[in-house]
Amino acid sequence: MKKLYFGFLLGMYCSFSAQNRFFYEYKFISDSTDKADVKKEMMLLDIDDKGSNYYSQDKFVSDSTSKADLEKQLKSSPSNITINRRDKPGQVSYKVTKQYPDFKTYLFTRISSDSYKIEEDQKPEWKILPDKQKVGVYNAQKATTNFGGREWIAWFATDLPFQDGPYKFYGLPGLIVKIEDKTGSHTMTLVGNKTIAIAAEKQTELPQGIQIFGMGGKEIEIDEKQFKKAWKSYVNDPTKNMREMMMKSTETSKVVFKTTSADGKEISDPNQVFREMEKKAKEGFKKNNNPIEPDLYK
């Protein structure tokens, strides 16, 4: 019997090319009712002649480690695979890519067990101002824009000849070295950069009949309107996809879900697992009420 234990969403890179890597310290307030709780995440912006990728460093490291563990298990015992959540999987799960030269922009994110690729149909419209200030070692100039339901203040450096920036931001005559929304809820600041050899994306090949959260297959390509509909459906019923997955499982390819309670006890009974997952999901909705792009979750 093939048993798959789920608790982790995977993605990985393999095969190398030289790129410019920029490190951004991302400070954000996920709960608008608790502004003292400022979270931090190191984000990476990798730029080459084809485009850019923006993603969490912690999540990348965690995914890479889990992928290596999975490949080791596939070689030694492909009929019984266990995937465990890493201690520090990263707080930011999404990724943003831009394709040059037209800056076609995509947001890669998840809802439950589904991966989505959402094309951005609006580009930031900037107002460049004469104000200048130092951001780190760079002389930067001010610009403002309204995007995704927030007003943003950006600082760009013409010394860095990239018309790019963190998240979905681009289109200024220099790299965006700092950007912050007017409420102070989301701030991305350049703290370092270097040229490195970085891996290109590659999927792990799984045995026939085995499917794992976040591995294999393609993202569901949708527009923002369709994503909003999927998000509302998830909020109304957070465990729907997982229940459907369990119902479709067979004796030869059985899906087993496990989770832990608030006091750290492992739960394996399906009904209890789904109740606990729904409880955690709804608690998460309350605490994560201040997304970087609120218009996307309306």
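Let's start with a pair of charges: Arg150 and Asp181 form a salt bridge, with their closest N and O atoms 3.0 Å apart. (A salt bridge here is a side-chain nitrogen of Lys or Arg within 4 Å of a carboxyl oxygen of Asp or Glu.) The two residues come from distant parts of the chain, 31 residues apart, with Arg150 in strand β11 (residues 150–157) and Asp181 in strand β12 (residues 175–181). Strands, like helices, are DSSP runs numbered from the N terminus (E, at least two residues, for strands; H or I, at least four, for helices). Arg150 counts as buried at 10% relative accessibility, and Asp181 is buried too, at 3%. Buried means under 20% relative accessible area, exposed means over 50%, and partly exposed lies in between, using a 1.4 Å probe and protein chains only.

A word on the model: it is predicted, with local features needing pLDDT of at least 70 and side-chain atom pairs counting only at pLDDT 80 or more, while totals for chains, interfaces and linings use all residues. Residues are numbered from 1 along each chain as its sequence is written, and side-chain values use heavy atoms, leaving out hydrogens and water.

The whole structure holds 10 salt bridges. One of them joins the side chains of Arg21 and Asp46 at 2.8 Å, N to O. Arg21 sits in strand β2 (residues 13–28) and Asp46 in strand β3, so this pair ties together parts 25 residues apart in sequence. Both Arg21 and Asp46 are buried. Compare Asp37 and Lys39, whose salt bridge has its closest N and O atoms 3.2 Å apart: Asp37 is partly exposed at 31%, and Lys39 is partly exposed at 23%.

Now follow β3 (residues 39–47) onward. A hairpin of 3 residues connects β3 to β4, and the two strands run antiparallel, joined by 5 bridges. (Strands pair if DSSP finds at least two bridges between them.) Ile47, for instance, has Ser52 in β4 as its bridge partner.

Next, look at Lys98 in strand β6 (residues 95–99). Lys98 is buried, at 2% relative accessibility. Its side chain reaches the backbone oxygen of Gly165 at 2.9 Å, and a polar atom of that Lys98 side chain lies 2.8 Å from the backbone oxygen of Tyr167.

Finally, there's helix α4 (residues 270–287). Val273, Phe274, Glu276, Met277 and Ala281 are buried in α4. Seen down the axis, the buried residues of α4 fall within an arc of 165 degrees (taken from the directions from the helix axis to the C-beta atoms), so they line one face of the helix. On the other side of α4, Asn271, Arg275 and Lys286 are exposed.

Notes: A polar contact is a pair of N or O atoms within 3.5 Å; within protein, one must be able to donate a hydrogen and the other to accept it, and residues adjacent in sequence count only if both atoms are side-chain atoms.
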